[in-house]
Amino acid sequence: MAEQQTTRRLSAILAADVVGYSSMMGIDEAGTVAALREVWQETFNPAVTARHGRIVKMMGDGALVEFPSVVSAVECAAAIQRAMGQRKLVAGAPIQFRIGINLGDIIVEGDDILGEGVNIAARIEAIAKPGGVSVSASVRENVGNKLELAFEDTGEHSLKNIEQPIRVYNVLLDATLPKTAAMVRASGTRTKGSVAVLPFSNMGGDPEQDYFAEGIAEDILTELSRFRDLFVIARNSSFSFKGKGLDTPEISRALNVEYIVTGGVRRIGKRVRVAAQLVHSPTGQELWAERYDRELEDIFLVQDEVVRTIVVTLESRLGMDIANNAASRNTPSLAAYECVQLAKKYAALHDASRAMPYVERALELDADYAAAHTVRAVTCYVKYLENFQADALDEMEAAARTAVALDNGASEGHALLGMALTSKRQYDLAGAHLERAVSLNPADTLALAYRAEWLLRNGDPASALSAMDQLLMRDPIPPTWHWEIRALALLMSRRYQEAILAFSRQVRQFWYIHAYLAICHARLGRSDEARADINKLVSLRPDTTIGHVLLDILVDEFRREEDRDFLTQGLRLAGLPE
């Protein structure tokens with residue numbers, strides 16, 4: 001019998017239990033079982049599924065659920081408890097849940113989870129009020145103001161079998177909050193990177209399609225909220241303008257945001273058309289607009305595809321616009337946020353020397369700004385690719401670890417730490433951080449691309465290529481380094497001509513690209529082209545030999561011996577000196 005694999009990861013855990021279950025069973029066993037079955041099927045399970053949770057186990061009167069994001073877990077718990085208020089047993093007694101949520105490290109064994117992260121969630125559930133939701137301090141901190149929910153600090157609690165006291169918060173499900181922080185800001189200035197997603201219009205006129213148009217906008221809002229650099233107005237505020245007949249400038253003033261996302265949906269026979277626009281509120285300028293036409297074989301799969309494509313493009317366009325606006329001002333007056341956007345812009349162009357001053361300035365302005373440490377990690381990685389110096393890789397890892405420590409719920413920090421650890425051959429730990437990054441933000445192209453490269457380095461070029469193809473479908477004008485990952489996956493899949501074309505789309509041809517191109521040409525029997533690339537490589541790196549640089553840096557980053565042998569043989573075939 002094969003040994004069951006055990007891994008660790010950070011997850012949001014929801015524990016739920018029925019209040020007074022034993023008493024209800026004693027009074028009416030059959031009625032209780034039937035009513036509770038209905039609750040699982042019609043209320044609890046659908047709420048979990050809608051928020052991408054995984055039901056780990058059902059325990060008759062309770063459930064243990066794992067979520068990829070803390071926000072999803074709290075949102076799900078609030079939805080369940082509000083819905084449960086409307087349900088009654090046949091005998092008239094209400095079914096009530098206690099729900100506890102914790103964000104912590106868990107141990108994964110097959111389909112099961114255990115560890116202190118799970119135990120704390122269960123202990124918090126035990127002290128929650130009937131019909132209520134209680135959460136740990138780590139949950140409260142990570143939710144921040146992303147949900148229109150209030151929290152009551154109940155202080156520290158000594159929980160059974162938990163060594164340290166845990167601060168616990170009650171979620172106030174019925175509390176009334178200000179609509180958004182932006183709407184009550186005394187200064188009246190717009191928050192940088194603030195965006196509101198308005199309800200999409202149903203252009204087909206069929207009232208039955210309203211749910212689809214609204215669902216598109218809701219999902220775009222949810223996915224954009226995963227990006228920590230964006231201030232996304234909550235749904236209740238942005239959707240309150242539906243049917244009010246106000247124009248975009250009026251709405252942007254009311255919500256006090258820099259950007260507005262609008263759109264519409266039209267169903268035409270067996271096809272659906274979704275249009276979306278991004279407008280810069282202060283100027284009224286349309287920054288981006290796109291239309292998506294899809295077959296309507298499965299309307300929900302279409303919705304997911306369109307949402308992810310729009311979100312990837314939107315996040316990229318927002319970042320570029322913020323950086324371009326910041327670039328017109330004097331550097332000393334830039335806020336840390338604007339410096340980060342400029343650093344991202346130059347790092348994406350593989351220009352570390354121009355990116356790093358903005359990184360350093362951002363950290364001078366705010367040393368605890370997680371995004372500044374994230375972009376420092378990106379810039380250090382660009383430096384590493386220029387010369388493969390170990391100190392640049394060490395700096396990348398250190399910056400990424402700091403970013404994760406400052407904001408453990410942001411996907412970018414985990415993605416960069418995963419990439420640094422991949423380059424250091426710490427594959428298993430790297431994989432855990434990359435999986436965490438993707439679970440935190442399935443729309444983060446950085447995390448998706450780095451995870452594809454991790455798959456490639458681990459000997460699975462087919463999965464890596466599939467992941468990059470899906471990513472490029474959703475983001476058809478990506479950062480050019482995405483093409484490098486796809487090209488390398490094609491090379492390792494023995495699709496040499498396609499790899500050559502993909503490598504050619506990389507804007508900056510790092511020196512090692514010529515090594516990969518030489519292998520492709522040599523494998524295709526093009527000795528002249530292979531020799532030309534070897535000559536370019538040696539002219540850029542005179543000390544380059546199979547035994548010195550490439551074998552230690554490029555070839556050895558592949559985990560499987562057969563992959564390393566394949567590349568080494570290709571370099572010999574291309575004529576690189578030993």
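## A buried cysteine to start

Cysteine 76 is tucked away: its relative accessible area is 0%, and buried here means under 20%, with exposed being over 50% and partly exposed in between (1.4 Å probe, protein chains only). Cysteine 520 is buried too, also at 0%. The structure holds zero disulfides, a disulfide being a pair of cysteine sulfur atoms within 2.5 Å.

## How to read this model

This is a predicted model, where local features need pLDDT of at least 70 and side-chain atom pairs count only at pLDDT 80 or more, while totals for chains, interfaces and linings use all residues. Residues are numbered from 1 along each chain as its sequence is written, and side-chain values use heavy atoms, leaving out hydrogens and water.

The pLDDT, which is the predictor's confidence in each residue from 0 to 100, averages 80 over the chain, and 81% of the residues score at least 70. Confidence is highest in strand β6 (residues 133-136), with a mean of 95, and lowest in helix α22 (residues 546-553), with 64. Helices (H or I, at least four residues) and strands (E, at least two) are DSSP runs, numbered from the N terminus. Over residues 176-190, pLDDT stays under 50, and the model has 30 contacts there beyond four places in sequence; contact means heavy atoms within 4.5 Å.

## Helix α3

The buried residues of α3 include Cys76, Val70, Ala73 and Met84.

## Two nonpolar cores

A nonpolar core is a set of buried Ala, Val, Leu, Ile, Met, Phe, Trp, Tyr and Cys residues joined through side-chain atoms within 4.5 Å. The largest one has 89 residues, and Met396, Tyr450, Leu491 and Tyr512 touch the most other members. Helix α18 (residues 481-492) gives the largest share, nine residues. Apart from this core lies another, of 40 residues, with Val18, Tyr21, Trp40 and Ala73 among them.

## Rings around Tyr450

There are ten aromatic pairs: rings of Phe, Tyr and Trp (its six-membered ring) with centres within 6.5 Å, called stacked under 30 degrees between planes, edge-to-face over 60 and tilted for the rest. Tyrosine 381 and tyrosine 450 pair edge-to-face, 6.0 Å centre to centre with 90° between the planes. Tyrosine 381 sits in helix α12 and tyrosine 450 in helix α16, so the pair ties together parts 69 residues apart in sequence.
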